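Please open the structure in your viewer and keep the selection tool at hand, as this tour goes from one stop to the next.

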Amino acid sequence: MGKIKTPRRAGAASSGPYERKEKKDKPAAANANIFRFDKDYGQHILKNPGISDAIVEKAYLKPTDVVLEVGPGTGNITVRALEKAKKVIAVELDPRMGAEVTKRVQGTPLAKKLEVILGDVIKMPELPPCDALISNTPYQISSPLIFKMLAMKNPPRVAVLMFQREFAKRLVAKPGDSLYSRLSVNVNFWATCKHIMKVGKQNFRPPPKVESDVVRIEPLIGSARPNIAFEEFDGLLRIVFNRKNKTLRASFAPKEVLSLCERNYKVYCSINNIPIDESIVEEAAGEDTAAMDVDMDVDGDDEAGGDGGLGNDDDDDDDDMPTFFKELGAVDEEAKTPSRNPKTKVAAVVRAKIDKVLAGTDLADKRARMCDQNDFLKLLIAFHAEGIHFS
């Protein structure tokens, strides 16, 4: 006697990350196991094999290369990299995906060349040493991943990465472009960046809401790498690009920025045994009011800057913005009244040094969005000569 078929209860719990989805308008062969992707992890799997091949090809991998892949997903790019490289280190946040990419090469010669690390690549102390970095990058970690790679002592020879299209345009933006930002300056100061190709959202499963682009980044290494601490250069850019349509004089006018420079100057003097005078000095009448007027005047220039009304949103890609900048953005009109706190002589010295640097470099009235790498480098060297640092 045949076994009675009992209908499955609606909403029954699945036994794993795979779920059988039955559709009446499709043949039985189409009712295959479908992986449930988590959009919170940025899981938009690249399904076009031609694009996967192009990403690996543009990395120009050697048989001796160690490749780092961030977010391998189901392994579409991973398998192609394994065929060309010595080893692939895949860093995956979702354990289900880690098991999927491992199962894909299980029982083949490629399995010995694959190492899967489960965890958040951004929270790792440092990226694993590698010769090449490839990734269908989750959009939410695009900026941190770029900065983490550029900050490495021995960065990879090449990185071929897929980003949201607007973010990719930031990488290759030039001075005066609407998307020119701190990211643009850093990437092009520490590396060469080239646009590879556009990728439509129909090439992903599930499709994202935005288009994507692939870029090739070649970090400068050896003698070609600038002999400047990344934290120092980036610290200066954080200040001037907080409002890129402001003049540099106005960028250094806020009390939070002056306080930061003062603290760093005290540390510099302490390390180099330079005596400083921290006694209280009386301010001249109207000094704070004048400083505030400078800020208000330049705020009006945001509209005249012709930058598409980006305002304070030019660094939306920065997930690691300093706390004092966030506090600065939250200050209301009432908090902008002149400060009555007593000022020290060392604070006056720091302000004078900042004015001297801006006047000496002829950059006081120039806006960050119009400055190139040489301008920022000249500015940083001048500040260092006065004992002001930004790391």
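Is histidine 44 buried or exposed in this model, which is a predicted one? Select histidine 44, which sits in the loop between strand 2 (33-35) and strand 3 (45-46), and colour it by accessibility: its relative accessibility is 15%, and because buried means under 20% relative accessible area, histidine 44 counts as buried.

Next, centre the view on asparagine 136, which has its place in strand 7 (residues 132-136) and is buried, with a relative accessible area of 16%. The side chain of asparagine 136 reaches the backbone oxygen of histidine 44 at 3.0 Å. If you leave aside the neighbours within four places in sequence, the residues in contact with asparagine 136 include His44, Leu46 and Gly71, as well as Val70, Ile77, Met162 and Phe204.

Now select helix 4 (residues 142-150), where nine of the nine residues are buried; among them are Pro144, Phe147 and Lys148.

For the last stop, go to glycine 387 in the segment after helix 14 (373-385), a residue that is buried with a relative accessible area of 1%. Beyond its neighbours within four places in sequence, glycine 387 is in contact with Tyr265 and Tyr268.

Definitions and conventions. Residues numbered from 1 in each chain as written. Predicted model: local features only at pLDDT ≥ 70, side-chain atom pairs only at ≥ 80, totals over all residues. Heavy atoms only, no water. Buried < 20%, exposed > 50% of the residue type's maximum accessible area, 1.4 Å probe, protein only. Helix = DSSP H or I, 4+ residues; strand = E, 2+ residues; numbered from the N terminus. Contact = heavy atoms within 4.5 Å. Polar contact = N/O pair within 3.5 Å; in protein donor to acceptor, adjacent residues only side chain to side chain.
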